Amino acid sequence: MSKAWAPVAGEPLVGRLVVIGLGLIGGSFAKGLRELKLCREVVGFDLDARSRELAVELGVVDSCAETLEQACAGADVIQLAVPILAMEKLLAQLAALDLGDAVLTDVGSAKGNVVRCAREVFGSMPGRFVPGHPIAGSEQSGVTAAQGSLFRRHKVILTPLADTDPTALALVHRLWSALGADVEHMGVRHHDEVLAATSHLPHLLAFGLVDSLAKRHENLEIFRYAAGGFRDFTRIAGSDPVMWHDIFLANREAVLHTLDDFRSDLDALRAAVDEGDGHKLLGVFTRARAAREHFSKILARRAYVDVMHSNDLIFLANPGGSLAGRLRVPGDKSISHRSIMLGSLAEGTTEVEGFLEGEDALATIQAFRDMGVVIEGPQQGRVTVHGVGLHGLKAPPGPIYLGNSGTSMRLLAGLLAAQPFDTTLTGDASLSKRPMNRVAKPLREMGAVIETEADGRPPLTIRGGQRLSGMHYEMPMASAQVKSCLLLAGLYAADQTSVTEPAPTRDHTERMLRGFGYPVDVQGSTARVESGHKLRATRIEVPADISSAAFFMVAASIAPGSEVLLEHVGINPTRTGVIDILKLMGADITLENQREVGGEPVADIRVRAAELNGIDIPEELVPLAIDEFPVLFVAAACAQGRTTLRGAEELRVKESDRIQVMADGLQTLGVQAQPTPDGIVIEGGPMGGGEVWAHGDHRIAMSFSVAALRASAPIRIHDCANVATSFPNFLVLAERAGMRVHAEGGS
Ligand code: S3P
């Protein structure tokens, strides 16, 4: 009986590793670990004598055993890498041997079957058996194709059971990690369903389609006309038939389940073609295209590119530089969200131009696609929304995922509260921490039924089929999201719904509702709607986002010698607090070519470098500059004297606690920045470099990029991936304008 092999510092991780089945996967596992010298010895076993010889010759293993019993004697880890249908027989043979404390693991691509076989032959699932599945392969097969790097940056899924020994699990996890794999843990059933959907079904379809065409055209003549599309779709029909036959038999239930779902969707597509239902076809194709683009992004960014391998995207901002030129920043986020929401609820087709192709606004598009709205684009900022009318939304197939977007969640809550179906709204880690009671509470007063997690955090579950009644609501905080949420609910509520705000907030919802022909009454600080009207489709031109332009306003102000012209920026008076505050600090900002576009005022904004002075920021400007404070804090750090902000406690519940996170970062750079409960006090002065954290908050990441213009050393900014939520081409524009910031690992 072998004694459990305990690793000692400086010694290999495993004593005797045994790999049974020396094909591509088993061979690569053995070879990789042998090359890394992580095992004292690597022993192979294969029924095929030639494979055993080759494995030794090619350095895949140290030696091969002649029998299974000899191989397993004294083993510390046994990797089962035989074809999935051979697994049952192998397990039965292993159950008859004394395996001591050896850890067992396998590479089978269906896990339920392996676990079932193990239970049958061992009587129960051995605690030291860790089921696994590397998602890797190659067109070649056999031991000659084995390569130690096969699993690098590929996923390996381990499917431990409740009573799997944690030390065995940790060891198997470490071995795969050492090979460069991205190891995840998952339940057995979930694994089999995921693989049935993403791997097994596509193979079945590819094999099935090629066979179906080939047998009807026996001389295979039609394939002469097959172009790239056919080649791409059917590439996997060239895979190993025996292996795939095994997989379908092993993962029978999960495959049948996903195949049945697909068949009913295919029938619906057939019916659409039969009935000439172009709308239905366009819906399926636009949704599929969006999903495919999302998937390509994940593949390109998350799984295969080194910089993104860890989830931390780091911006490296080098000190100095000045800005010059004309810049057009992306479309306004608030207006982009609303164009999709109102366009979807309108009757007719709404054309949008200048749409922000950032992750937040794309999340809103996806939400409405999930609810059956056909939306074409975005393509170069153009989106076509085929409105379904106020009562045309359909129940989504599952929870609606809104990523980082608080605006999507709060506004959607209002209009979903009145739909006939239930919905669940979820988001990423940051959104899941944000307060939703500010909308849930007044909506409940209108008759909505909404469930939240503790303290009103997402996910939100909104029960359909409620009759809402209109009401008057005095908002306790100045929030355009809360106001908009209630006005949207008011489109469905009996009688009138009115909202009074304690201070002016952005009024894009009111303006756009009117643009869609829906009457909105605004008297002083109260906006009122009544139900019973309709939205009529329209054209929307989204101006550039002043919140994105703000980074360049501050950048050009603080970097000596700078002059930029920011084109076509929205200057809605409920958004221009940043310009007022910067001007009070002494900034040189002029508005040129002022005009109105689709109900929103727009201008080109010229900014020249200027000496800034610290100020007491007037409280009434706070809601009008609410998203621009992170970068305004950078301006304050570069100003002469002290800047004080009060009355801005809302900043603590944005994508991050923007007061604390900015204070921490500025202090790291040597700036005196003192947070207060509702604001901050910043003393202007020299700024050094250092490591700062954006905490996944897009605006913090961009603000510290701007700070580098006046820093004396580089600033490394962690956790910047969410810049893509509002400003996907920030780095390109910033570098073009003269800033010295780039993604670390990039150019
Ligand atoms: C927004 C309103 C603001 C703002 C957010 C967008 C909107 O939030 O911070 O980025 O589009 O209505 P609050 O309403 O919470 O202040």
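I call a residue buried under 20% relative accessible area, exposed over 50%, and partly exposed in between (1.4 Å probe, protein chains only). Cys117 sits at 6%, so I noted it as buried.

A note on what I am reading: this is a predicted model, where local features need pLDDT of at least 70, side-chain atom pairs count only at pLDDT 80 or more, and totals for chains, interfaces and linings use all residues. Residues are numbered from 1 along each chain as its sequence is written, and side-chain values use heavy atoms, with hydrogens and water left out.

**Cysteines**

I searched the whole structure for disulfides (cysteine sulfur pairs within 2.5 Å) and found zero. I then looked at Cys638, which is buried at 10%. The closest cysteine sulfur to Cys638 belongs to Cys720 and lies 18 Å off, again too far for a bond.

**Rings**

Next I looked for aromatic pairs: rings of Phe, Tyr and Trp (its six-membered ring) with centres within 6.5 Å, called stacked if the planes are under 30 degrees apart, edge-to-face if over 60, and tilted otherwise. The search gave nine. For Trp244 and Phe248, the centres are 5.9 Å apart and the planes at 40 degrees, so I logged the pair as tilted. Both residues belong to helix 9 (residues 241-250), four residues apart, or about one helical turn. My helices (H or I, at least four residues) and strands (E, at least two) are DSSP runs, numbered from the N terminus. Trp244 and Phe248 are both buried.

Phe552 and Phe730 are also tilted, with 6.2 Å between centres and 40 degrees between planes. Phe552 is in helix 18 (residues 546-558) and Phe730 in helix 23 (residues 730-737), so this pair ties together parts 178 residues apart in sequence.

**Charges**

I counted salt bridges (a side-chain nitrogen of Lys or Arg within 4 Å of a carboxyl oxygen of Asp or Glu) and got 39. Asp360 and Lys333 form one at 3.5 Å, N to O. Asp360 lies in helix 13 (residues 359-370) and Lys333 in helix 12 (residues 333-345), so parts 27 residues apart in sequence are tied together.

Arg652 and Asp657 meet at 2.9 Å, N to O. Arg652 is partly exposed at 25%, and Asp657 is partly exposed at 25%.

My last entry is a salt-bridge network linking Arg434, Arg506, Asp627, Glu655, Arg658, Asp697 and Arg699.
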